[in-house]
Amino acid sequence: MTRKRIALLGATGSIGESTLRVIRRHRQRLQLTTIAAHSSVEKLASIANEFGVRHIALFDQDACNRAKRSRRFDAGCRFYAGSDGLVEAATIPEVDMVLVAVVGTQGLAPALAAIEAGKTIALASKEILVLAGKFIMAAARRKQVAVLPVDSEHSAIFQCLQGEKAKHIKRLLLTASGGPFRDYGIEEMADIRPADALKHPNWSMGPKITVDSSTMANKGLEMIEARWLFDMQPQQVDVVIHPQSIVHSMVEFVDGSIIGQLSPPSMTFAIQHTLLFPDRDEGVEATLDFSKPFALDFRPPDLERFPCLKLARQAMVSGGGAPATFNAANEVAVDAFLAEKIEYLAISRVIAKTLERMPAKEPASLNSILKADASAREVATSLISTHEY
């Protein structure tokens, strides 16, 4: 059996760790050939030794230099440094699929380069489609490259849409746990501290995405991502609160039928589906046990208590550079909150003010998107430093 050769960009994060669990389970079908991280030399060395990886990329140049000097890596390893190194590592001939799970915009250039090189893309980094969905999907169509979703919500929708006609789709229903504060009142939210926001009830994730889940900014980014992945209009993408995180998302069709995908709240299910697609195989962990009772609850999101979701929809409807502005302002605001420079409720206010000050004109090129992203970060940073939010 020919093994599918995987490049894992973001090997040391939570998505990376779940991906490694899937590859361990299916070594006869999957081969890890390339790994990348920001600066985690020791973790990459451990992964390289376990899986026999020979291509190692580190975004941080100093970390890459340390890796080259380290005796923990096999003598036959090749190292790649910086943004250019990520691009080179993602496009080597020994790769069939590139799983992009790096934080922020670092994955944009390697994703585009991998598409141009004809690699299948497995996408876990929401920011890439939020920033440049038009360009990514256009490039994928031109090169006839598949862009497969890794997020559990988008994987669920992808699975629900198999064999269905586009004209039969009424809307996509992204489920959201609601995070740790789904039942908080506004007054209680005013007292939320970083340690509180980093305790998600269902998922184990990195700090930034965990805070995003608590504000529902994460679900806003997922709406924008879904709009591009599945070629939907903004009004065809909705969100519903589902505290159990068992129904990962649903699709409503024009005849009123709704199809959903269910599995326990673990990323291994979605990751395995993507890596093995179009095949299926035995999973990494146990699935739902219907011999025991459990309940599934749904309710609409409260946009007054979670204004980030409302702002994300506004950005999606406005189009142009607005989604990139939303993403940039949110990243700056979350960093400031985690550093205890702003309060929790100020996150949405910083985003709203940044959206007000930034033009939403349609970007003409990828370079113009990156410039707009940088400008939005400057505006958000200035708002925080001058307390104008």
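A residue counts as buried here when its relative accessible area is under 20%, and as exposed when that area is over 50%. Please bear in mind that this is a predicted model.

I begin with helix H13, which covers residues 307–318. Which residues of H13 are buried? They are Cys-308, Leu-309, Leu-311, Ala-312, Ala-315 and Met-316. These residues lie on the same side of H13, because the arc they cover around the axis is only 160 degrees. On the face turned away from that buried side, H13 carries the exposed residues Val-317 and Ser-318.

Just after H13 comes Gly-319, which takes a positive phi of about 70 degrees.

I turn now to strand S3, residues 55–58. In a regular strand, side chains alternate between the two faces of the sheet. Are the faces of S3 covered or open? Both are covered: His-55 and Ala-57 are buried on one side, and Ile-56 and Leu-58 are buried on the other.

S3 has a pairing with strand S2, residues 30–37, in the parallel sense over four bridges. Within that pairing, Ala-36 stands opposite Ala-57 of S3. Between S2 and S3 the chain passes through helix H2, residues 41–51, and this β-α-β crossover is right-handed.

S3 also pairs with strand S4, residues 78–81; these two run parallel and are joined by four bridges. Here Ile-56 stands opposite Phe-79 in S4. Together with helix H3, residues 61–69, S3 and S4 make a β-α-β unit that is right-handed.

My last region concerns a single side chain. His-273 is found in helix H12, residues 267–276. Is His-273 buried or exposed? Its relative accessible area is 9%, so His-273 is buried. Leaving aside residues up to four places away in sequence, His-273 touches Ser-155, Phe-158, Gln-159 and Arg-280.

Thank you for your attention; I welcome your questions.

Terms used. Residues numbered from 1 in each chain as written. Predicted model: local features only at pLDDT ≥ 70, side-chain atom pairs only at ≥ 80, totals over all residues. Heavy atoms only, no water. Expected span 1.5 Å × (residues − 1). Buried < 20%, exposed > 50% of the residue type's maximum accessible area, 1.4 Å probe, protein only. Arc of directions from axis to C-beta. Pairing = 2+ DSSP bridges. Right-handed = clockwise from strand over helix to strand, strands pointing away. Contact = heavy atoms within 4.5 Å.
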